[in-house]
Amino acid sequence: MAEMQGTNLAIEVKGLVKEYPSKVLAVNGIDLNIKSNTIYALLGPNGAGKTTTINILTTLKEPTAGSIKVLGFDVIQQANKVRRNIGVTFQEMILDDELTGRQVLDYHGRLYKLGARERQKKVIELLKLAELEEAADRVVKTYSGGMKRRLELVRGLMTEPEILFLDEPTTGLDPQNRSSIWKYIRNLKEKSNLTLLLTTHYMEEAEELADYVGIIDYGKIVIEGTPRELIDKMGADTIQIAGNGNSDLFIQELKGHSFIQNIVNTNGLIQIGTDSGNKRLVEVVSIASKSGFTIEDISIAKPSLGDVFLKYTGRRLRDK
């Protein structure tokens with residue numbers, strides 16, 4: 001068990017920068033303070049800096065600048081101590097299809113020089129945790145995508161890590177398997193007293209799993225908080241409008257009304273945070289008409305993390 005160095009923070013990052021020789025700035029001054037026994041999600045589009053951040057925290061890449069501590073250990077000066085206390089599941093599945101599930105776990109334990117008795121005990125525990133007991137002696141190539149992902153997740157627990165890093169844990173899985181993995185990750189945290197840092201570009205994944213969310217874009221954390229806190233900032237309801245005409249005048253007129261909580265205008269889509277979408281819909285339509293703005297499409301929805309992302313980055317989550 002690693003000893004936290006005078007703090008209850010599992011991960012402490014200050015001013016993290018990663019610049020490649022090609023002058024590409026992958027990470028641009030990130031600060032992170034992640035408490036023990038929480039699930040923290042880095043939410044952002046492809047290329048935002050999520051995987052680079054994970055690679056630095058897990059000692060696979062060196063930072064250009066910044067102070068980075070994992071369980072109180074410096075990732076550069078004390079890299080071996082960091083590695084001994086973390087588990088990692090990468091975005092791409094890395095499993096030997098010719099081995100059985102039991103062998104995958106056993107060989108992983110051998111790599112970390114666990115004794116035979118300890119390995120056997122851990123393999124039995126982890127196969128049960130992953131609900132793979134019946135498939136334990138089948139070769140991995142016969143497993144479904146969800147079964148393979150669960151096997152990878154528990155493989156990272158063979159050494160009893162205190163922090164588990166999950167890079168895009170459900171990429172490539174169908175909705176049913178994704179939902180199963182979400183349930184599994186929640187149980188993992190509850191049963192194992194783990195801290196989990198996961199990266200994702202699925203809004204619903206971050207909203208479903210995370211205790212805290214950091215939205216990352218262009219190598220920066222643009223906003224963070226609990227999912228509920230971030231969503232509540234958008235207002236009770238969001239009215240989404242697409243149309244033609246004088247949108248600037250329309251937005252200016254909207255801002256003069258006390259029931260308008262925020263307005264985001266991105267690529268022709270106007271999102272209006274309001275106290276009650278159904279109650280205010282007629283009034284919003286009237287304001288549009290008086291402003292010379294023709295509404296072509298309008299809808300009301302409860303705000304989501306996707307709306308938060310659009311507000312703070314000015315672009316949709318999956319825009320490249």
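Helix α11 (residues 305-313) lies across β3, β9 and β10. The helix runs at about 40 degrees to β9. Axes are lines fitted to C-alpha atoms, for helices over the stretch in contact, and angles run from 0 to 180 degrees between N-to-C directions. Contact means heavy atoms within 4.5 Å. Helices (H or I, at least four residues) and strands (E, at least two) are DSSP runs, numbered from the N terminus.

This is a predicted model, in which local features need pLDDT of at least 70, side-chain atom pairs count only at pLDDT 80 or more, and totals for chains, interfaces and linings use all residues. Residues are numbered from 1 along each chain as its sequence is written, and side-chain values use heavy atoms, with hydrogens and water left out.

**The sheet**

Six strands form an open sheet with mixed pairing, in the order β6-β7-β8-β3-β9-β10. Two strands pair if DSSP finds at least two bridges between them. β6 and β10 (220-225) stand at the edges with a single partner strand each, so one side of each lacks a neighbour in the sheet. Direction ignored, neighbouring strands are turned by 15 degrees against each other on average.

Strand β3 (residues 39-43) pairs with strand β9 (residues 212-217) in the parallel sense, over four bridges. L43 has I215 of β9 as its bridge partner. α6 also packs on the sheet, touching β3, β7 (163-167) and β8 (195-200). The direction of α6 makes about 160 degrees with that of β8.

**The pockets**

On a 1 Å grid over the protein atoms alone, a pocket is an open set of points where a 1.4 Å probe fits, with protein on both sides within 12 Å along at least five of seven lines; lining residues have an atom within 4 Å of a point. Grid points are joined across faces, edges and corners, and a volume is the space filled by probe spheres set on the points.

| Pocket | Volume | Lining residues |
|---|---|---|
| Largest | about 540 Å³ | 22 residues |

In the largest pocket, E160, P161, E162, S192 and L194 lie nearest the centre. α4 (116-129) and α6 (175-192) are the elements that give two or more residues to this lining. α4 gives the most, with four residues. The lining divides into nine nonpolar, seven polar and six charged residues. Nonpolar means Ala, Val, Leu, Ile, Met, Phe, Trp, Tyr, Cys and Pro; charged means Asp, Glu, Lys and Arg; the others, Gly among them, are polar.

β6 (86-89) and α5 (145-155) each supply at least two lining residues. β6 gives the most, with four.
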